[in-house]
Amino acid sequence: MGYLNQLFEAMRAGNGNEVPEKILNDLISYTNTHFASEEKLMQAHGFPGKIAHTQEHREPTRQVMDIRHQLRNGGLGLSTRVSSFLKEWLSNHILGTDKAYGFFLYKKGVY
């Protein structure tokens with residue numbers, strides 16, 4: 001995911017506080033598309049953990065909206081918070097929860 005790299009580059013250049021809103025807007029758009037696509041595939045192929053997985057999608061969406069709200073209201077240190085959020089989401093959801101869902105689809109011959 002390029003969002004984390006964009007943020008790290010901006011932070012390294014001393015511009016970390018100028019980039020997060022664009023990254024957050026891109027991330028909100030990406031998560032909406034990504035989650036809708038996943039949920040459609042889960043429904044179509046009868047993934048047994050669909051309800052729990054769908055509920056798990058709500059928390060990162062809420063967190064991104066909260067971070068964006070804080071950014072718009074003058075929150076400090078958001079570059080670090082956004083960076084931590086992206087790393088946690090990448091390691092926990094994408095490499096954890098999504099892996100189980102991906103394996104289910106793989107076993108069904110979907111991917």
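A salt bridge here is a side-chain nitrogen of Lys or Arg within 4 Å of a carboxyl oxygen of Asp or Glu. Arg58 forms one with Glu39, with the closest N and O atoms 3.4 Å apart. The model is predicted, so local features need pLDDT of at least 70, side-chain atom pairs count only at pLDDT 80 or more, and totals for chains, interfaces and linings use all residues. Residues are numbered from 1 along each chain as its sequence is written, and side-chain values use heavy atoms, leaving out hydrogens and water.

**Salt bridges**

- The structure holds two salt bridges.
- Helices are DSSP runs (H or I, at least four residues), numbered from the N terminus.
- Arg58 counts as partly exposed because its relative accessibility is 45%. Glu39 is buried, at 15%. The cut-offs for relative accessible area are under 20% for buried, over 50% for exposed, and in between for partly exposed (1.4 Å probe, protein chains only).
- Arg62 pairs with Glu59 in a salt bridge, at 2.6 Å from N to O.
- Both Arg62 and Glu59 sit in helix H3, three residues apart, or about one turn of the helix.
- Arg62 is partly exposed, with a relative accessible area of 45%. Glu59 is partly exposed too, at 36%.
- Side chains of opposite charge can pair when their charged atoms come close.

**Helix H3**

- H3 covers residues 50-72, which makes 23 residues. The expected span is 1.5 Å times one less than the number of residues.
- The buried residues in H3 are His53, Thr54, His57, Pro60, Val64, Ile67, Arg68 and Leu71.
- Gly74 follows H3 and has a positive phi, near 80°.

- His53 lies in helix H3. His53 counts as buried because its relative accessibility is 3%.
- Contact means heavy atoms within 4.5 Å. Not counting residues up to four places away in sequence, His53 touches Glu38, Met42, Phe47, His93, Thr97, Asp98 and Tyr101.
- Phe35 is found in helix H2. Phe35 is buried, with a relative accessible area of 4%.
- With residues up to four places away in sequence again not counted, Phe35 touches His57, Pro60, Thr61, Trp89 and His93.
- Phe35 and Leu86 are 51 residues apart in sequence, and their C-alpha atoms are 15 Å apart in space.

**Nonpolar cores**

- A nonpolar core is a set of buried Ala, Val, Leu, Ile, Met, Phe, Trp, Tyr and Cys residues joined through side-chain atoms within 4.5 Å.
- The largest core has 14 residues. Leu24, Leu27, Val64, Val82, Phe85 and Leu86 touch the most other members.
- Helix H1 (2-12), H2, H3 and helix H4 (78-107) each give two or more residues to this core. The largest share, five residues, comes from H2.
- Val64 is in contact with Leu24, Leu27, Ile28 and Phe85, leaving aside its neighbours within four places in sequence.
- A second, separate core has six residues, among them Met42, Phe47, Tyr101 and Phe104.
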